[in-house]
Amino acid sequence: MKKNVFYLIGIMLLMVSCYPGEIDSYEETDIVFTNYEQSFDFASAGTYAMPDQVVKVTGNLIEGQDPEFVSEPYNTQILNKIKSNMTALGWTQVEDPANADLTLMPAVWTNTTVVYWYDYWCWYYYYYCGWGYYYPYYTTYTTGTMVMTMVASGEGYVEPSSVWTAAINGLLSGSSDVSRINNAIDQAFIQSPYLNTK
């Protein structure tokens, strides 16, 4: 299942590497992708644990250094939206992961892409054409990704195994849009009806 998670994230990155056509709003760039372990019986589970902070993946964490976390109020808003969806599906949150059927771990990261392109000019002197380049033009865009992963580590699992992953990706505006985050989290659970334990 670990390979499936990396494959899923790879698909997400490929899908957002270029946004074709004109984009009128940031919402048009939002993508929600989910995957799950078909052999896992979600109906037989009912409890989950979740940390009280959303990890921000930066890629430059030094050994022994504390990770970064999503700042408030966004951290609490993300966690509350996840909790409300889990509750609606019949799940009960417990504090100790050792007493939970599953552990749900949310994380986010951002990636800024710079796109360069060059223009050229040509001058004619009799039959000779000389070519040259202007300074390159460039544009940048930032994408944000949130991943929610459910991990089973109870009886029957030699090591923790991912049984559900949701990847949410889209262009980021200058300020965080809470409604977009909430809608995307809702969509991840809507398209995962097998999580319903009722």
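**A salt bridge and two contact sites in a predicted model**

Lys 81 and Asp 186 form a salt bridge, in which the closest N and O atoms are 3.5 Å apart. Because Lys 81 lies in helix 2 (residues 74–88) and Asp 186 in helix 3 (residues 178–190), the pair ties together parts that are 105 residues apart in sequence. The structure is a predicted model, and the count of salt bridges in this model comes to one. Side chains of opposite charge can pair when their charged atoms come close.

Leu 89 is found in the loop between helix 2 and strand 5 (92–93). With a relative accessible area of 12%, Leu 89 is buried, because a residue under 20% is placed in that class. When residues up to four places away in sequence are not counted, Leu 89 touches Phe 189, Leu 195, Asn 196, Thr 197 and Lys 198. Leu 89 and Pro 193, which are 104 residues apart in sequence, have a C-alpha to C-alpha separation of 8.6 Å in space.

The side chain of Thr 47 reaches the backbone nitrogen of Asp 101 at 3.0 Å. Asp 101 is also one of the residues that Thr 47 touches, the others being Trp 91, Thr 92, Val 94, Asn 99, Ala 100 and Leu 102, again with residues up to four places away in sequence not counted.

Conventions
Residues numbered from 1 in each chain as written. Predicted model: local features only at pLDDT ≥ 70, side-chain atom pairs only at ≥ 80, totals over all residues. Heavy atoms only, no water. Salt bridge = Lys/Arg side-chain N within 4 Å of Asp/Glu carboxyl O. Helix = DSSP H or I, 4+ residues; strand = E, 2+ residues; numbered from the N terminus. Polar contact = N/O pair within 3.5 Å; in protein donor to acceptor, adjacent residues only side chain to side chain. Contact = heavy atoms within 4.5 Å. Buried < 20%, exposed > 50% of the residue type's maximum accessible area, 1.4 Å probe, protein only.
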